[in-house]
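User: I have a structure on screen and want to learn how to read it. Could you take me through a few features, one by one?

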Amino acid sequence: MHRIVLSHFANGIRKGQTMTKEKTKTPIVLSAGSLTKNPVKNSAGEHIGNVEELMIDYEVGRISYAVISFGGLFGINSKYFAIPWGLLKVDTEDECMILNMDRKVLENAPGFDKDNWPQVPSREWLANLYLYYEEPRYW
C-alpha cells in the first residue's frame, strides 16, 4: 500500500521543521502520487476499489476526477470509473479515499476497461460525467 505523505511544504512547514501532531492529521497539500493506488472505501468501511489515476484539468488548475478500479480479481477484469473529485474525501488516518456511494450505484455506472480509456475527454464528456453523479460542475 502506498502511504499518504505530506508535501514538504504542507501547512507552511518546510522540510526539516517540526510539525505538531494536530497539523499532521489534516494536511492541505498532498502529492498526487501519494493518493494513487490507495484503497477506496465507502462510509461503511467496505473496500470499493483503488485509485488508479488523478486527472488534472490544466485549464482550471484542479483535479477534475479520479479513475477508480472496481471489481475483478487482483486487477484482472477490473472495470474503471471516472469519479468526480468532489465526491471523494481523503482519509489520512486510514490511508484511503472515502467515496460515500453504494456499491450498486458504482456497479451500474458507465465505466471503461484499463486498455480503453476515454479519448481526450471534452467539457461535454465531463458535463455528462458530473450529471450522472449529480455533482455540481466546477468550471
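This is a predicted model: local features need pLDDT of at least 70, side-chain atom pairs count only at pLDDT 80 or more; totals for chains, interfaces and linings use all residues.

User: What share of the chain's residues is buried?

Analyst: Buried means under 20% relative accessible area, exposed over 50%, and partly exposed in between, with a 1.4 Å probe and protein chains only. Of the 139 residues in this chain, 35% are buried.

User: Which residues line the largest pocket?

Analyst: Work on a 1 Å grid over the protein atoms alone. A pocket is an open set of points where a 1.4 Å probe fits, with protein on both sides within 12 Å along at least five of seven lines; lining residues have an atom within 4 Å of a point. In this case the lining includes Met55, Asp57, Tyr65, Ser122 and Arg123. Strand E2 (47-57), strand E3 (62-70) and helix H4 (123-132) each supply at least two lining residues. E2 gives the most, with 3.

User: How much space lies in that largest pocket?

Analyst: A volume is the space filled by probe spheres set on the points, which are joined across faces, edges and corners. The largest pocket holds about 270 Å³.

User: Is Leu129 buried or exposed?

Analyst: Leu129 is in helix H4. Leu129 counts as buried because its relative accessible area is 10%.

User: Which residues is Leu129 in contact with, leaving aside neighbours within four places in sequence?

Analyst: Contact means heavy atoms within 4.5 Å. Leu129 touches Tyr65, Ala82 and Pro84 in this way. Tyr65 is 64 residues away from Leu129 along the chain, yet their C-alpha atoms are separated by 9.4 Å.

User: Where does Asn38 lie, and why does it count as buried?

Analyst: Asn38 sits in the loop between helix H2 (32-35) and strand E1 (39-41). Asn38 counts as buried because its relative accessibility is 0%. A polar atom of the Asn38 side chain lies 2.5 Å from the backbone oxygen of Ser34.

Conventions
Residues are numbered from 1 along each chain as its sequence is written. Side-chain values use heavy atoms; hydrogens and water are left out. Helices (H or I, at least four residues) and strands (E, at least two) are DSSP runs, numbered from the N terminus. A polar contact is a pair of N or O atoms within 3.5 Å; within protein, one must be able to donate a hydrogen and the other to accept it, and residues adjacent in sequence count only if both atoms are side-chain atoms.
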